[in-house]
Amino acid sequence: MSKLENVEAIVIKFLSDNQDFAVFADKPKNPPKQYILVEREGGGREYLGVLDMASIRIAVYSKNSRLEASEQANVVADMIHKIAEEYDDVTRSKVNSVVQLDDTLTQTWRYEVFADVYHRR
């Protein structure tokens with residue numbers, strides 16, 4: 001893989017290449033019925049910025065059904081560990097939790113996958 005420096009970009013590229021939902025960094029103005037948003041929620045850096053220990057939130061949305069959002073969130077959660085296998089500069093990728101948190105404003109079912117992705121910069 002070519003080297004990406006931004007851990008969010010790594011997760012977006014990985015998910016875009018390995019599952020069917022559209023993946024975005026920013027919520028689209030006219031979102032599709034099913035999509036994923038990737039956001040960095042926190043995490044530190046060690047060794048003068050050499051190791052980026054990002055906490056990533058992966059929000060899976062579905063207008064179709066809660067079950068569809070749940071199933072896709074489980075697909076995403078099951079594949080997170082493979083980021084470290086596919087990208088040489090990612091030293092660790094693991095899921096911390098999967099949570100149902102519907103978006104009541106847009107009346108969309110949403111599951112969130114919280115993951116740690118450690119990136120050697």
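Predicted model: local features only at pLDDT ≥ 70, side-chain atom pairs only at ≥ 80, totals over all residues.

Reader: Fine. In which sense do β1 and β2 pair, and over how many bridges?

Author: β1 and β2 (residues 34-46) pair in the parallel sense, over three bridges. Within β2, Y35 is the bridge partner of A22.

Reader: What is the strand order in the sheet?

Author: The order is β1-β2-β3-β5-β4, in an open sheet of five strands with mixed pairing. β1 (22-24) and β4 (90-100) stand at the edges; each has a single partner strand, so one side of each lacks a neighbour in the sheet. On average, neighbouring strands are turned by 25° against each other, ignoring direction.

Reader: And which strands does α1 touch?

Author: Helix α1 (residues 7-18) packs on the sheet and touches β1, β2, β3 (51-62), β4 and β5 (109-120). The direction of α1 makes about 145° with that of β2.

Reader: Where does α2 lie?

Author: Helix α2 (residues 66-79) lies across β2, β3, β4 and β5, and runs at about 15° to β5.

Reader: Switching to overall dimensions. What is the radius of gyration?

Author: The protein chain has 14 Å, which agrees with the value near 14 Å for a compact globule of 121 residues. The C-alpha atoms fill a box of roughly 45 × 25 × 25 Å along the principal axes.

Reader: What share of the residues is buried?

Author: Buried residues make up 40% of the 121.

How values were computed: Residues numbered from 1 in each chain as written. Heavy atoms only, no water. Pairing = 2+ DSSP bridges. Helix = DSSP H or I, 4+ residues; strand = E, 2+ residues; numbered from the N terminus. Axes fitted to C-alpha atoms, helices over the stretch in contact; angles between N-to-C directions. Contact = heavy atoms within 4.5 Å. Rg over C-alpha atoms; globule rule 2.2 N^0.38 Å. Buried < 20%, exposed > 50% of the residue type's maximum accessible area, 1.4 Å probe, protein only.
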